[in-house]
Amino acid sequence: MSLTSDDVKRVAKLARLGLTEAETTETLTQLNSILGLVDQMQQIDTNGVAPLAHPLELKQTLRADAVTETNQRDKFQAIAPQADQGLYLVPRVVE
Amino acid sequence: MSHITDLSFSELKKALNDRTLSSVEITSAFLDRIDALNPTLNAFITITRDEAMQAANDADTLISQGAGTPYTGLPIAHKDLFCTDGTLTTCGSKILSNFVAPYDAQVVSQCKNAGLVSLGKLNMDEFAMGSSNENSYYGPVKNPWDTTRVPGGSSGGSAAAVAANLTPLATATDTGGSIRQPAAFTGTSGLKPTYGRVSRFGMIAYASSLDQGGLIAQTAEDIAHGLGLIAGHDSRDSTSADQPVPDYTQTLNDSLKGKVIGIPKEFFDDRLDSAMRQAMNEVLDVLKSLGATTTEVSLEHVAEAIPAYYVIAPAEASSNLSRFDGVRFGYRADSPTDLMDLYERSRGEGFGSEVKRRILIGTYALSEGYYDAYYKKAQQIRRLIRDDFNRALGTCDLLFGPTTPSTAFVIGEKTADPVAMYLEDIYTVATNMAGLPGGSFQAPLINGLPTGYQLTGRAFGESMILNAAHQVQTVTDWHTLRPEGV
């Protein structure tokens, strides 16, 4: 499978990643070379093999349903680019 | 007595316990050496001199009262991927260039609780994506053995700092070889523990099913001390294993008689460089002289580990790195016109090119219509790889091989070709896919540059890896060699 420049732009949009024209061109070549490497996977017969998501297939543990976190909103918002009265500020979304 | 900064973590521990040195003496000696050499090596992004001297003073007070732990007052430095409350935590990225973490990673808390003194934060490839430390927004780290060469990556700062005696112990992380490969390139010892052995809480995530925190130091014994401090269950990391933590120092001197070392034939095929083969055979001869026997094993699917890794890791990264959006913390682009512009430009300007490539590959692999061909296929191959390892480790105690295909390469040599860089991790990636512990330890130099051999163990079998490496270190001097001129 080989990507086109439109594919790169579509994927960059999905990833919310701003790319310049020059970056798109350079990235296209590199992504196709990486996908060439990745496509070596297709030589392996994996019929009937169950996917493995975690190496040790650990079980999820349960804990008592009790409050364990304290509210640290002020501390966390102190490092925000823009916060006011407990809210994170972004450009207007709804007119 | 040799200079303070020449001493290993274990030797410093003895000196502190015997009260021949104070924490203030030790800490200031390392800080002075960092000040002298960091402008050349660029191993540290942040040096926390004031906090370190304060902690050293406090440690000396505790020691004088007979309080503290056996580790109180010993220095460490943290890879800049571990969150440190109140200290800049950049992960090697511009997007976190203003991020003062509001909490400590579990590993950082454990080190603090043990009384360790943190000297600062270590340089790394951005978001741990790289094998040369050239992908850091804060500039490349130089290899202390030859400053025209890379120290490896992504834990290049950790490895270079230990190799140059800027710290006796460093935390590091390994997703596809990021502890073992830089350890091999810098003549240090490095251990990636079993997946789940060390908490990932507060460790900035790259690929969550592969990431594991570990250590780089001068010797296996040093790592045995350090691992005892950072291993263990943490309820804040749901993938952390609830397994007892043994005293890794107690088994270092066990005999290797009767131990079986598996030699994966795929690691020793005719593609292996002849000088590297000779270095590996020298190490094997030492292991045999200590009573171990060898047997050939096969890891049939190991060659597919790299292609499958470059689906799984970017896929997980594309999801993990979506949190860096310019809204809650980190870098935000100037004067965004709307919300989409804020996201796209903050991320576009904040991430470096390798991180962007991996986000794009991961987003593509997970996008509609491609899931079965990429992510599912890679996970199926992951099972085949894991089964290969389990089968091989059913017939032997440890697997042995080279850590890297060659010695450290020259800065700039592989930057134009991402795929050539990815193949650097050909011997290390499969271990992460299988979730097993792996260590890299000093092998003979080749043309004056360090090499490493790799030991891979069964799940939670760190003790045996450290035991074997320590036994080799008791009868060889490869781990005592230090770069000249730094």
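User: Among contacts in chain B between residues at least 6 apart in sequence, what percentage joins residues at least 24 apart?

Analyst: Two residues are in contact if their C-beta atoms, placed from the backbone, lie within 7 Å. In chain B, 76% of the contacts between residues at least 6 apart in sequence join residues at least 24 apart. This is a predicted model, in which local features need pLDDT of at least 70 and side-chain atom pairs count only at pLDDT 80 or more, while totals for chains, interfaces and linings use all residues. Residues are numbered from 1 along each chain as its sequence is written, and chains are lettered from A and ligands numbered from 1 in the order in which they are written.

User: Is Leu37(B) buried or exposed?

Analyst: A residue is buried if 20 or more other C-beta atoms lie within 10 Å of its own, exposed if 12 or fewer, and partly exposed in between, with C-beta atoms placed from the backbone. Leu37(B) is buried because 21 other C-beta atoms lie within 10 Å. This residue belongs to helix H2 (residues 23–41) of chain B; helices (H or I, at least four residues) and strands (E, at least two) are DSSP runs, numbered from the N terminus. Leaving aside residues up to four places away in sequence, Leu37(B) touches Ala164(B), Leu166(B) and Val486(B). The C-alpha atoms of Leu37(B) and Ala164(B) are 8.4 Å apart, although 127 residues separate the two along the chain.

User: Which residues of helix H1 of chain B are buried?

Analyst: An α-helix has 3.6 residues a turn, so residues three or four places apart point the same way. In helix H1 (residues 9–17) of chain B, the buried residues are Phe9(B), Ser10(B), Leu12(B), Lys13(B) and Leu16(B). They lie on the same side of H1(B), because they cover an arc of only 160 degrees around the axis; the arc is that of the directions from the helix axis to the C-beta atoms. The buried residues of H1(B) pack against H2, strand E4 (169–174), strand E6 (212–217) and helix H7 (220–230) of chain B.

User: At what angle do the axes of H8 and H15 of chain B cross?

Analyst: Two packed helices are described by the angle between their axes and the distance between the axes. The axes of helix H8 (residues 274–289) and helix H15 (residues 462–475) of chain B come within 10 Å and cross at roughly 95 degrees. Axes are lines fitted to C-alpha atoms, for helices over the stretch in contact, and angles run from 0 to 180 degrees between N-to-C directions. H8(B) and H15(B) are therefore roughly perpendicular; angles under 35 degrees count as roughly parallel, over 145 as roughly antiparallel, 65 to 115 as roughly perpendicular and the rest as oblique. Val283(B), Val286(B) and Leu287(B) in H8(B) meet Ala468(B), Val472(B) and Val475(B) in H15(B).

User: How many residues does each chain bring to the contact between chain B and chain A?

Analyst: Chain B brings 59 residues and chain A brings 42 residues. On the side of chain B that touches chain A, H12(B) gives the most, with 10 residues.
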